[in-house]
Amino acid sequence: GCDNSPYYKEIISINSPPMMAFTRLRAAYGRSLQRAPTITTGAVAGCLGFLGDVLAQHVEARRLQAAGTVQPGLDGQRLAAFTAYAIGWGALGLRPWLNYLGKRIPGVDTLSVAKKVCAHQFLWNPVVYLPTFYATNGLLRGQDLQGVLEKAKSEYVSLLLYIWKVWIPLSVGIFAFVPVQHQVACNFIGNLAWNTLISLFYNDRTSPE
């Protein structure tokens with residue numbers, strides 16, 4: 001198998017260039033997080049939000065190409081709005097919230113994990129995350145308040161169910177196995193794929209099933 005190949009062993013060796021580069025990057029991230037946690041968190045979240053929407057727009061362009069439709073260029077206003085929200089959410093929303101949960105509900109026993117998952121998915125996401133997501137993206141893209149409310153009303157339940165489908169299993173793993181100081185980073189990793197999915201959802205006329 002590939003796990004026995006010399007090439008594979010060279011890649012995963014602790015002294016291999018990829019692993020050394022990863023180690024240096026992780027150390028640099030840790031130092032930056034200690035010196036300026038809010039700025040670092042916002043910068044990383046913004047980069048992943050930017051990449052997520054670029055990927056989403058690429059997927060949409062490929063769909064249009066397959067359907068024989070003229071492909072639009074990159075939507076800069078949409079990209080800027082999505083990135084701006086990701087920066088604010090990562091720095092001022094997700095990090096303080098996860099730190100609060102870690103202090104308020106310490107421990108990784110089954111009951112503690114269940115409480116944190118329930119608070120995150122059934123309180124934070126419906127009451128804070130989704131309303132701010134729709135408001136920020138809509139207003140930054142030129143919608144009036146009525147337009148924001150109408151779009152949120154038509155999609156809110158479907159998107160919330162979509163969030164639960166994706167993030168409840170991920171949240172169980174993060175709260176159960178990841179230390180509090182690294183939970184934001186783990187959410188960032190999941191957010192790269194999530195940002196693509198939610199951008200596709202928000203910018204599509206149909207809701208995912």
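Before the details, two notes on the source. The model is predicted, so local features need pLDDT of at least 70 and side-chain atom pairs count only at pLDDT 80 or more, while totals for chains, interfaces and linings use all residues. Residues are numbered from 1 along each chain as its sequence is written, and side-chain values use heavy atoms, with hydrogens and water left out.

Let me begin with the whole chain. It has seven helices and zero strands; here helices (H or I, at least four residues) and strands (E, at least two) are DSSP runs, numbered from the N terminus. From the N terminus on, the order of elements is α-α-α-α-α-α-α. The chain has 209 residues, and 36% of them count as buried. Buried means under 20% relative accessible area, exposed means over 50%, and partly exposed is in between, with a 1.4 Å probe and protein chains only. The accessible surface comes to about 12200 Å², and 66% of that belongs to carbon and sulfur atoms. These areas come from the Shrake-Rupley method with a 1.4 Å probe.

How much of the contact in the chain is between residues 24 or more positions apart? Of the contacts with a separation of 6 or more, such pairs account for 73%. Contact means heavy atoms within 4.5 Å.

Now the helix pairs. Two packed helices are described by the angle between their axes and the distance between the axes. The axes are lines fitted to C-alpha atoms, for helices over the stretch in contact, and angles run from 0 to 180 degrees between N-to-C directions.

Take H6, residues 145–177, and H7, residues 180–202: they pack at an angle of about 150°, with axes 11 Å apart. That angle makes H6 roughly antiparallel to H7. The cut-offs are under 35 degrees for roughly parallel, over 145 for roughly antiparallel, 65 to 115 for roughly perpendicular, and oblique for the rest. The H6 and H7 crossing is right-handed. A crossing is right-handed if the near helix is turned clockwise from the far one by less than a right angle, and left-handed if anticlockwise. On the H6 side, the residues in contact include Tyr162, Val166 and Trp167, and on the H7 side they include Gly190, Trp194 and Phe201. By class, this contact has 13 nonpolar, five polar and two charged residues. For the classes, Ala, Val, Leu, Ile, Met, Phe, Trp, Tyr, Cys and Pro count as nonpolar, Asp, Glu, Lys and Arg as charged, and the others, Gly among them, as polar.

H7 also packs against H3, at an angle of about 30° and with the axes 7 Å apart. That makes H3 roughly parallel to H7. The crossing of this pair is right-handed, and its contact is made up of 11 nonpolar, six polar and three charged residues.

H3 has a further partner in H4: the two axes come within 7 Å and cross at roughly 145°. H3 passes H4 in a right-handed crossing. The residues in that contact are 11 nonpolar, eight polar and four charged.

Next, some single residues. Apart from neighbours within four places in sequence, Glu60 is in contact with Arg78, Ser199, Leu200 and Asn203.

Thr83 is in H4, and at 14% relative accessibility it is buried. With neighbours within four places left aside, Thr83 is in contact with Gly46, Gly49 and Phe50. Its C-alpha atom is 8.7 Å from that of Leu51, 32 residues apart along the chain.

Gly102 belongs to H4, residues 76–104, and is buried at 15% relative accessibility. Pro106 lies in the loop between H4 and H5 and is exposed, at 51%. Gly107 is in that loop too, and is partly exposed, at 35%.

Where does Phe175 stand relative to these? The C-alpha separation from Phe175 is 8.8 Å for Gly102, 10.0 Å for Pro106 and 9.0 Å for Gly107. Not counting residues up to four places away, Gly107 touches Ser112 and Lys116, and Pro106 is in contact with Leu101 and Ser112.
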